[in-house]
Amino acid sequence: MATLSDFEKMIGNRKAIDAELFTDPSISEDLSEFVNDSKEFAKQIQEMIRRIDENEPFTEKEYGQTNVDGSFLKIDLAYIKMVQSYSKIIS
């Protein structure tokens, strides 16, 4: 299974892309989108872990907001976006 860094190295390398038998001509853009979405998902998980480690609860104002890093909603949105971009690559 390829790691995220493998996908990142593949972006723009037509020979490597062809070796993986990707047929969509926009695959470099799709791989780039997946890498970015994966990094955003990881960032959101790390932010939630940081808040837990530092005992930094969400305020009432922050709770339920989609723009607060590390919130369940922002993690969910980042996950959905990452899965969608992955599905674009494998379809």
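Guide: Buried means under 20% relative accessible area, exposed means over 50%, and partly exposed lies in between (1.4 Å probe, protein chains only). This is a predicted model, where local features need pLDDT of at least 70, side-chain atom pairs count only at pLDDT 80 or more, and totals for chains, interfaces and linings use all residues. Residues are numbered from 1 along each chain as its sequence is written, and side-chain values use heavy atoms, with hydrogens and water left out.

Visitor: Why is arginine 51 called buried?

Guide: Arginine 51 has a relative accessible area of 6%. The cut-off is under 20%, so arginine 51 counts as buried.

Visitor: What makes arginine 51 and glutamate 56 a salt bridge?

Guide: A salt bridge needs a side-chain nitrogen of Lys or Arg within 4 Å of a carboxyl oxygen of Asp or Glu. Here the N to O distance is 3.8 Å. Glutamate 56 is partly exposed, at 32%. Both residues belong to a network of salt bridges that also links Glu47, Arg50, Glu54 and Glu62.

Visitor: How many salt bridges does the structure hold?

Guide: Eleven. One of them joins lysine 88 and glutamate 33, at 3.0 Å from N to O. Lysine 88 lies in helix α4 and glutamate 33 in helix α3, so the pair ties together parts 55 residues apart in sequence. Helices here are DSSP runs (H or I, at least four residues), numbered from the N terminus.

Visitor: Why are α3 and α4 called roughly antiparallel?

Guide: The two helices pack at an angle of about 160 degrees, with their axes 8 Å apart. Axes are lines fitted to C-alpha atoms over the stretch in contact, and angles run from 0 to 180 degrees between N-to-C directions. Angles over 145 degrees count as roughly antiparallel, under 35 as roughly parallel, 65 to 115 as roughly perpendicular, and the rest as oblique. Therefore α3 and α4 are roughly antiparallel.

Visitor: Why is asparagine 55 called exposed?

Guide: Its relative accessibility is 66%. Exposed means over 50%, so asparagine 55 counts as exposed. Asparagine 55 sits in the loop between α3 (27–53) and α4.

Visitor: What is the phi of asparagine 55?

Guide: Phi is near 50 degrees, a positive value in a residue other than glycine. Most residues other than glycine have a negative phi.

Visitor: How do you know that leucine 77 is partly exposed?

Guide: Leucine 77 has a relative accessible area of 47%. Leucine 77 is in helix α4 (residues 72–90).
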